[in-house]
Amino acid sequence: MASVSARVLPAPAPYVLPEVKPFWDATAEGRLVLPRCVECDTVVWYPRPFCPACGSLKVSWVSASGRGTVYTFTINRRGQADLPAYRDAGVYVLAYVELDEGPRVMTNIVDCDPDVVKIGLKVEVVFHDTGQGNALPRFRPVTS
Ligand SMILES: [Zn+2]
C-alpha cells in the first residue's frame, strides 16, 4: 500500500447564518441533513432557506444517507503558499461528490491515499470538528 499523508487538513469554522443553523448543528452530532423543497421535492445544495428550482420558501430538513460517489476531483500536491495551514497539510484531494440524494458537494476526500481516488469511487461522510461547535463534512472511501 502506498503511503497515506499523516498530516491533517485544517477545519476552519464556517460563518453560520441563522437560516442554515440546523445544517451546522447536525454536523456537531455527526449527522448530514439537507434542505428539501416541500413543494417540488428538490434536494437543495448548498443549504439555504428556499428552493432554487421553484422559488418556494418552504423547505424542510431531511436526513441524508451520508453516501455518495466521486463525480470529479483534483489532487493538490503543492498546497497554497499564502495559506500556511493548507500548504502544510500535504497532498490532499479536492472533489465534487454526488450525494445519493442528488446534489453535488464540493469537499475533500480523506482517510485514504490520494492516488486511490477515481471518478465513480463510492464514498461516505466523515466530520472534522472545527472546535467551534460544528464540523466540516468530508468524505472517505466506503470500506464495507
Ligand atoms: Zn421547489
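User: Why is Thr130 called buried?

Analyst: Thr130 has a relative accessibility of 13%. Buried means under 20% relative accessible area, exposed means over 50%, and partly exposed lies in between, with a 1.4 Å probe and protein chains only. Thr130 therefore counts as buried. Two remarks on the basis of these values follow. This is a predicted model, in which local features need pLDDT of at least 70 and side-chain atom pairs count only at pLDDT 80 or more, while totals for chains, interfaces and linings use all residues. Residues are numbered from 1 along each chain as its sequence is written, and side-chain values use heavy atoms, with hydrogens and water left out.

User: Where is Thr130 found, and what does Thr130 touch?

Analyst: Thr130 is found in the loop between S6 and S7; helices (H or I, at least four residues) and strands (E, at least two) are DSSP runs numbered from the N terminus. Not counting residues up to four places away in sequence, Thr130 touches Ala11, Pro12, Ala13, Pro14, Ala135 and Leu136, where contact means heavy atoms within 4.5 Å.

User: What makes the pairing of the side chains of Thr130 and Asn134 a polar contact?

Analyst: The distance given for this pair is 2.7 Å. A polar contact is a pair of N or O atoms within 3.5 Å; within protein, one must be able to donate a hydrogen and the other to accept it, and residues adjacent in sequence count only if both atoms are side-chain atoms. Asn134 lies in the loop between strand S6 (122-129) and strand S7 (135-141).

User: Is Asn134 buried or exposed?

Analyst: Asn134 has a relative accessible area of 6%, so Asn134 is buried. Leaving aside neighbours within four places in sequence, the contacts of Asn134 include Pro14, Val16 and Trp24.

User: How do you know which residues are the protein donors of the zinc ion?

Analyst: Donors are N, O and S atoms within 2.8 Å of the metal (3.2 Å for Na, K and Ca); water is not among the atoms, so sites may look incomplete. The SG atoms of Cys37, Cys40, Cys51 and Cys54 lie 2.2 to 2.4 Å from the zinc ion, and these are its protein donors.

User: Why is the site of the zinc ion called tetrahedral?

Analyst: Four donors count as tetrahedral if all angles lie between 85 and 135 degrees. The angles among the four donor atoms of the zinc ion are 105 to 119°, so the site is tetrahedral. Ideal angles for four tetrahedral donors are 109.5 degrees.

User: Are Cys40 and Cys54 buried or partly exposed?

Analyst: Cys40 has a relative accessible area of 35% and is partly exposed. Cys54, at 43%, also counts as partly exposed.

User: What makes Asp41 and Asp111 worth a remark on phi?

Analyst: Most residues other than glycine have a negative phi. Asp41, which is not a glycine, has a positive phi of about 70°, and Asp111, not a glycine either, has a positive phi of about 60°. Asp41 has a relative accessible area of 53% and is therefore exposed; Asp111 counts as exposed at 53%.

User: How do you know that the radius of gyration of the protein chain agrees with a compact globule?

Analyst: The radius is taken over C-alpha atoms, and the globule rule is 2.2 Å times the number of residues to the power 0.38. With 144 residues, a compact globule would have a radius near 15 Å; the protein chain has 16 Å, which agrees.

Notes. Tetrahedral: all angles 85-135°; square planar, octahedral: opposite > 155°, others 65-115°.
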